[in-house]
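Subject: Structure for your review

Dear colleague,

Please find the sequence and structure below. A summary of what was found in them follows.

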Amino acid sequence: MSINGVFEIAQKIHYRLFLAPMGYGKPISKEQLNYDYKIGTWNFLNSIDELANYMVVVGYVQHFAKSLDYSPNILDLGCGIGNVAELLDGYSRGKYIGLDVSDEAINEAKKRGFKNADFYIGTFEEWESEEKFDFIISTGAIHYAKNPVEILQKYSKFLKNDGKFIISLWQTSTNKAIWRKIEKHFEVVDSTVVKNHKGVSWDIKVLR
């Protein structure tokens, strides 16, 4: 086995034994994401199997938007090719911004022609906004941040006074640790568990 191979195995063991139990995420490089999009690894995100997950997030947005006297502005962290943006297009909303580190995904999202929507290439850690949002959402992506709690704390400054996070994560042991850490710093306004016909489950939580 090569030195690089040994190093990669050591990194995986270190993450699994030490970082994951403390609620840290596991980043994926831009190069890996772009390659995965090119070969179709992420095509399952476009299938009906993911629909319930997306629709609960969209439903939360619409429910809490009822208290507003204007159409909400939304930031989508880890937006991929814009599957949630597509569903939100059927509702009244203000500005939508999608952020993803993969230029393959962002280029595809831009081609889909969503109304009043902008897409940006960037990491959660580096991206900054001059705008404020009513909702910051993320479906199955926040655990790719090195430190998900720090990312949510950073993005809190981009929320309006009564703004909310709506976060969805697959149910895994590592993601449970992330949730435990998140809930030490944020109030859970509401939560839902969704399970599809293949037995895949998501925790979806509204935070402030």
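The largest nonpolar core has 33 residues, and those that touch the most other members are Leu88, Tyr96, Phe119, Phe135, Ile137 and Ile166. Here a nonpolar core is a set of buried Ala, Val, Leu, Ile, Met, Phe, Trp, Tyr and Cys residues joined through side-chain atoms within 4.5 Å; buried means under 20% relative accessible area, exposed over 50%, and partly exposed in between (1.4 Å probe, protein chains only). Elements giving two or more residues to this core include helix 3 (51-65), helix 4 (83-88), strand 4 (133-139) and strand 7 (201-207). Helix 3 contributes the most, with seven residues. Helices (H or I, at least four residues) and strands (E, at least two) are DSSP runs, numbered from the N terminus.

This is a predicted model, in which local features need pLDDT of at least 70 and side-chain atom pairs count only at pLDDT 80 or more, while totals for chains, interfaces and linings use all residues. Residues are numbered from 1 along each chain as its sequence is written, and side-chain values use heavy atoms, with hydrogens and water left out.

Leaving aside residues up to four places away in sequence, Leu88 touches Val58, Val61, Gln62, Ile74, Arg93, Tyr96 and Ile137, where contact means heavy atoms within 4.5 Å. A second, separate core of 25 residues includes Ile97, Phe133, Ala141 and Phe165.

Helix 2 (residues 30-39) and helix 5 (residues 103-111) pack at an angle of about 50°, and their axes are 7 Å apart. Axes are lines fitted to C-alpha atoms, for helices over the stretch in contact, and angles run from 0 to 180 degrees between N-to-C directions. The angle makes helix 2 oblique to helix 5 (under 35 degrees counts as roughly parallel, over 145 as roughly antiparallel, 65 to 115 as roughly perpendicular and the rest as oblique). Lys30, Asn34, Tyr37 and Lys38 of helix 2 meet Asp103, Glu104 and Ala105 of helix 5.

In helix 5, Ala105, Ile106 and Ala109 are buried. Viewed down the axis of helix 5, these buried residues fall within an arc of 95°, so they line one face of the helix; the arc is that of the directions from the helix axis to the C-beta atoms. They pack against helix 2, strand 2 (96-100) and strand 3.

Finally, Leu159 lies in strand 5 and counts as buried, at 9% relative accessibility. Its C-alpha atom is separated by 5.2 Å from that of Lys132, 27 residues apart along the chain.

Yours sincerely
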